[in-house]
Amino acid sequence: CEYKMARALIEKNNPNVFCKGQNRDWFKAIPKSRQRFVPFNGGIGQQQLKWLQHQLDQCCRANQRAILITHVPLLPQAA
């Protein structure tokens, strides 16, 4: 059921994703604010967030800085 909900959300916001044919351009004529609606998963789960929080806490205790880099934007404003 989660798959169906995710697919419906993607189709609503980016109709290019599930169109038939080769050489599809998922981002053609799609505003930047909706380009995050694609079928690859960039979501971060609770276990990953817990691990990240632990790593950042360690950096803070050691008076170090951290740089967070992801494969896909975490915030819509970063798309």
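Asn63 is exposed, with a relative accessible area of 73%. This residue belongs to the segment after α2. Asn63 is not a glycine, yet its phi is positive, at about 55°. These values come from a predicted model.

Ala29 shows a positive phi as well, about 65°, and is likewise not a glycine. Its place is the loop between α1 and α2. Ala29 counts as exposed, because its relative accessibility is 76% and the cut-off for exposed is over 50%.

## The overall build

The protein contains 2 helices and 0 strands. Helix α1 covers residues 2–13. Helix α2 covers 46–61. A loop lies between α1 and α2, and Asn14, for one, sits in it.

Of the 79 residues in the protein, 14% are buried. The exposed surface comes to about 7,200 Å². Carbon and sulfur atoms supply 55% of that surface.

How many of the contacts between residues at least 6 apart in sequence join residues at least 24 apart? The share is 26%.

## Arg7 and its partners

Arg7 has two partners to look at here. One is Glu11. The side chains of Arg7 and Glu11 form a salt bridge, with N to O at 3.1 Å. The count for the structure is 1 salt bridge. Both residues belong to helix α1. They are 4 residues apart, or about one turn of the helix.

Arg7 lies over the face of Phe18, 3.8 Å from the ring centre. As for pairs between aromatic rings, the structure holds 0.

Are Arg7 and Glu11 buried, exposed or partly exposed? Arg7 has a relative accessible area of 29%, so it is partly exposed. Glu11 is partly exposed too, because its relative accessibility is 36%. The band for this class runs between 20% and 50%.

## Asn13, in helix α1

Asn13 is found in helix α1, at position 13 of a helix made of residues 2–13. Its relative accessible area is 14%, so Asn13 is buried. The cut-off for buried is under 20%.

What does the side chain of Asn13 reach? It reaches the backbone oxygen of Leu9, at 2.9 Å. Beyond residues up to four places away in sequence, Asn13 touches Ile30, Arg34 and Phe37. Gln35 stands 22 residues from Asn13 in sequence. Their C-alpha atoms are 8.4 Å apart in space.

## Asn14, in the loop

Asn14 lies in the loop between α1 and α2. Is Asn14 buried or exposed? Asn14 is buried, because its relative accessible area is 0%.

The side chain of Asn14 has polar contacts with two backbone oxygens. One belongs to Trp26 and lies 3.0 Å from a polar atom of that side chain. The other belongs to Phe37, at 3.2 Å.

Which residues does Asn14 contact, leaving aside neighbours within four places in sequence? They are Trp26, Ile30, Arg34, Phe37 and Val38. Ile30, Arg34 and Phe37 are also touched by Asn13.

Trp26 is found in the loop between α1 and α2. Its relative accessible area is 23%, so Trp26 is partly exposed. Its backbone oxygen is the one that lies 3.0 Å from a polar atom of the Asn14 side chain.

Residues up to four places away in sequence do not count in the next list. Trp26 touches Asn14, Asn16, Val17, Val38, Pro39 and Phe40. Val38 is 12 residues from Trp26 in sequence. From C-alpha to C-alpha, Trp26 and Val38 are 7.3 Å apart in space. Val38 is in contact with Asn14 as well.

Note on methods:
Residues are numbered from 1 along each chain as its sequence is written. This is a predicted model: local features need pLDDT of at least 70, side-chain atom pairs count only at pLDDT 80 or more; totals for chains, interfaces and linings use all residues. Side-chain values use heavy atoms; hydrogens and water are left out. Rings of Phe, Tyr and Trp (its six-membered ring) pair if their centres lie within 6.5 Å; planes under 30 degrees apart count as stacked, over 60 as edge-to-face and the rest as tilted. A charge sits over a ring if NZ of Lys or CZ of Arg is within 6 Å of the ring centre and within 35 degrees of the ring normal. Buried means under 20% relative accessible area, exposed over 50%, partly exposed in between (1.4 Å probe, protein chains only). Contact means heavy atoms within 4.5 Å. Accessible areas come from the Shrake-Rupley method with a 1.4 Å probe; for residues, only the protein chains shown count as cover. A salt bridge is a side-chain nitrogen of Lys or Arg within 4 Å of a carboxyl oxygen of Asp or Glu. A polar contact is a pair of N or O atoms within 3.5 Å; within protein, one must be able to donate a hydrogen and the other to accept it, and residues adjacent in sequence count only if both atoms are side-chain atoms.
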